[in-house]
Amino acid sequence: MNISIKSHDDSNFSLQFLDGFSTQVLNAVRNVPGRRWDNDKRIWLIPDNQNATDQLLQNIYETGLFNMPESDFEKPVISPNQDSFINHEVEKLIDALSVRHYSEHTKQSYKKWVADFLRIYQSKADSMGEREINEYLKNLALQKHVSASTQNQALAALLFYFRYIKNTPVLELGSVIHAKKKERVPVVFSREEVSKVIECMYGTKKLIAKLLYGTGMRLNEALSLRILDLDFDRNEIIIRHGKGDKDRHVMIPQKLVPELKVHIEKVRQLHNQDLRDGRGSVTLPGALAGKYPDGCKEFKWQWLFPQKNRWTNAQTGEQGRWHLDESLMQRAVKQAVLEAGVNKNASCHTFRHSFATHLLEIGYDIRTIQELLGHSDVSTTMIYTHVLNRGAGGVVSPLDRL
């Protein structure tokens, strides 16, 4: 039994039985609030909202007619030949992503989803398509209970694989399931909470936290800064290869200038010691290592926040330093939030949310904040207008006027 689910209009999506249906499935659709039957087109119209979508998927799942055994979905048996096929397909995927200059993070995410998909459906390698994608996404939602964002990430990986590796025309993949993301209001610190959390941090991690709040950078952007990215004369920081492989400029908070200069001097001393020990190399981005053979030991290319211990290149045996690991900063912020007594589900990214919200509160326009955050679409930045004091928190309740 096949079901086609497609976008219909701004408020509905359509559901159609392609090769007959059973009473169980028909009742599963009928029990969705707000559904209606279009007799002319012979399709069911379902409200395009999260409640109706969740109810429909749950009803269909409970019929038991479309469910893959959990053991088959989560623990497929892989033979050596199958494993070779999957590795070959994943290699082609990584090559295609590299040619298009996708980030390393995206490569690893896509690799994980495609490999998992192929372990389940590679026996249908010659015929798999929209049906298998929808079945896989449905199982992610109903059996593994992944979020809408995770489900859409898996979909993006599979669509890339089918379009550029399997050469399946885009039009043939037009009816795959797109999970509708739930709107969430970001967690935001008050100014007092920012101060409390930062005061519970120490050393380099405290400086990074100040930089996150003072510039609105993402954590990986801050940790990936090199010495040459700071321009004190122009009072700006260049964020290179940000999300979407885009560069942008942010200001240097004036309160941090003396502290940053002291920190850079410490990094210089550390680098000089590494050079005296015959070390001091750093990985250069892209093809710069070939263009500047000695650039890896120049101070300007060193990480702004180097890790404590040296790393060893497994191929050359050469030692150098990488930047501070994200997990160390994440743990430090979590601990600081607990010590500060802030009862919010906060993280490093909360500093970025707070940066944008506080700028809006003091009157900066949304376009300026969009540029500072590096958002491609202003609608992404608009979410911060939902947490301003001029919103629900700034409305006087009628009860308070009694």
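E221 is buried, because its relative accessibility is 4% and the class covers residues under 20% relative accessible area, with exposed meaning over 50% and partly exposed in between (1.4 Å probe, protein chains only). The model is predicted, so that local features need pLDDT of at least 70 and side-chain atom pairs count only at pLDDT 80 or more, while totals for chains, interfaces and linings use all residues. Residues are numbered from 1 along each chain as its sequence is written, and side-chain values use heavy atoms, with hydrogens and water left out.

**Surroundings of E221**

E221 belongs to helix α10, which spans residues 219-223; helices (H or I, at least four residues) and strands (E, at least two) are DSSP runs numbered from the N terminus. Apart from neighbours within four places in sequence, E221 has I239, G242, K243 and R248 in contact, where contact means heavy atoms within 4.5 Å. For K243, 22 residues away from E221 along the chain, the separation of the C-alpha atoms is 8.6 Å. With R248, the side chain of E221 forms a polar contact of 2.9 Å. Such a contact is a pair of N or O atoms within 3.5 Å; within protein, one must be able to donate a hydrogen and the other to accept it, and residues adjacent in sequence count only if both atoms are side-chain atoms.

**Strands β5, β6 and β7**

Strand β6 pairs with β5 (residues 230-231) in the antiparallel sense over 2 bridges, and with β7 (residues 248-251), also antiparallel, over 4 bridges. Two strands are taken to pair if DSSP finds at least two bridges between them. D231 has E236 of β6 as its bridge partner, and I237 is bridged to V250 in β7. In a regular strand the side chains alternate between the two faces of the sheet. In β6, E236 and I238 point one way, I237 and I239 point the other way, and all are buried.

**Positive phi values**

The hairpin of β5 and β6 has 4 residues between the strands. Most residues other than glycine have a negative phi, and most peptide bonds are trans.

**Nonpolar cores and cysteines**

A nonpolar core is a set of buried Ala, Val, Leu, Ile, Met, Phe, Trp, Tyr and Cys residues joined through side-chain atoms within 4.5 Å. The largest core comprises 51 residues, and F189, V197, L212, M217, I237, M329 and F351 have the most contacts inside it. Elements that each supply at least two of its residues include α8 (191-199), α9 (203-215), α10, β6 (236-239) and α11 (257-276). The greatest contribution to this core, 6 residues, comes from α14. L212, setting aside neighbours within four places in sequence, is in contact with residues including M217, L219, M329, C348 and F351. A second, separate core holds 27 residues, among them V114, A115, M128 and L159.

C348 is buried because its relative accessibility is 6%, and C296 is likewise classed as buried at 18%. A disulfide is defined as a pair of cysteine sulfur atoms within 2.5 Å; by this rule the count is 0.
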